[in-house]
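Have the viewer open as you read.

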Amino acid sequence: KLEQFMQAPEQLSPYFVFQLLVVILVGNSTVCAANGRLEFSAIAHLWSRVVSWRSTAFLVQEIDLEIVQLDTLMLLAKRIYHFETPQCMLMSPYVIHRAMLLGLHREPTLFSRFSTHESESRRRLWYAILELDLVCAIDTGMPPSLEPGSWDTLPPRAEVEENYEYAEDQLSRSAQLGIGSRGLALLVRSLPLRLRIIRAVNKLRFIMGFEEAIRLGSELVKERTSIEDFINSQQYAADQQSITDIVQELLQLTYDRVLLCLHKHFAARMKPEYEFSEYTCLRLSSRMLDVLLRSTRPTETNKHGTTSKKGVLGTLTSSGGYFFESDALNAALLISFLLVRDSRAISSPSTRISCIDRLRNFIHVAQERTCLPYPSGKAFIVPSMTLEYISFVKSGGTEDNSLHTRLQEAGRKISKAALLAYLARPGSLMNHMDDMEAVVDMTPALF
């Protein structure tokens, strides 16, 4: 379609043009500033054009596949750029219901009018919507919109088939399937299990027993292991280019996110019988921060002999909204909690040092993000206060009054640093002043 658009743009639906704009916005989130990332003002301008046109088209256009595709892309862009975040959970079931009106929840081969290509496209779109809805449910603490059994659409294909009708050779088939679709196909195998876990965890009253949590967690780990074995199997020996490091990291992150939701309720109770959950949460949180806060690296060769760009998730985390707030922040807060409560999982000096180093790395990213149009104050202040508390305890401080005074002073300094960074953001009127610090000092009520 892109080639057709370049040759004759007037012949394509306007929906494709706006789909292309949103794809550009989503792709831009993986580009670091040094490589020509769009400024946020340009991003906001493009987004306003898309939203304005979509609002108008909603009044006159009947529901079709292009509309649902655009709505799905817009939901993804909202997550990445923190656009209209409170409304994301409202938009997620809205997209699902529109997709069901199109019959995407039914297996397309039950109907004779869909070609192989159309059937596969409908499967991919349906499961992409379900995955986004599950992400929204995790972030908001609400149950997913659908239960397993509400659809009979088969998962998208994870393999490249010889009779894939619109591909003429093996190379084009591999390119058309794409690493994103391959990752989605592998991921949906465990979707019913992940839906069950999040639905149980996000109930109004958490009544799951510890043994049940252990059982569900073991099933989830088995699912992840089977995918890792599938990726490394001989079936992919001739097609390894489509399994890149970022797809494997995203798959791991998806499983870790759900497993963390399952265990953090028990870890927070700090009881000896739930020690396993404390260790599990520490391991998962540490791994998530290691992956998400990795700096962008140059191209390097992976174990399959192919080259891949490292640190894409690090770029998304440091300059976008979704991964930082949904995963990195939760991981940092959980490590902070375990440190302050002196968890048994952090009893060894080496583990404690590595946790403190991860928090410092997170604080550095959070402070840099205060100049972006995303809320980052809590992400900067809470871990910073945690390190101040740990430093005070390590120095031998025990008196409550002394601790209270020191943490108050630390809070004033940390809040001041966050406000100065925020006022120095591009476009702020304050960053043209000669002495912003003096201006901040004139507002003692803030501190």
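Predicted model: local features only at pLDDT ≥ 70, side-chain atom pairs only at ≥ 80, totals over all residues.

## A pair in helix α6

Are R124 and E120 buried or exposed? Both R124 and E120 are buried, where buried means under 20% relative accessible area, exposed over 50% and partly exposed in between (1.4 Å probe, protein chains only). The two form a salt bridge, with their closest N and O atoms 3.6 Å apart. A salt bridge here is a side-chain nitrogen of Lys or Arg within 4 Å of a carboxyl oxygen of Asp or Glu.

R124 and E120 sit about one helical turn from each other because they are four residues apart in helix α6.

## What the model is

Residues are numbered from 1 along each chain as its sequence is written, and side-chain values use heavy atoms, leaving out hydrogens and water.

## Other salt bridges

How many salt bridges does the structure hold? There are 19. In one of them, the side chains of D139 and R79 meet at 2.1 Å, N to O. That pair links distant parts of the chain, with D139 in helix α6 (residues 116-140) and R79 in helix α4 (residues 65-81), 60 residues apart. Helices (H or I, at least four residues) and strands (E, at least two) are DSSP runs, numbered from the N terminus. D139 is partly exposed at 29% relative accessible area, while R79 counts as buried at 10%.

D357 and R360 make another salt bridge, with closest N and O atoms 3.8 Å apart. Both lie in helix α14 (residues 349-369), three residues apart, or about one turn of the helix. D357 is partly exposed at 40% relative accessibility, and R360 is exposed at 51%.

## Where to be careful

Mean pLDDT (the predictor's confidence in each residue, from 0 to 100) is 76 for the protein chain, and 68% of its residues reach 70 or more. Confidence is highest in helix α8 (residues 191-201), at a mean of 93, and lowest in strand β2 (residues 307-308), at 38.

Over residues 160-180 the pLDDT is below 50, and this stretch has 36 contacts in the model beyond near neighbours in sequence; contact means heavy atoms within 4.5 Å. Residues 296-310 also stay under 50, with 28 contacts beyond four places in sequence.
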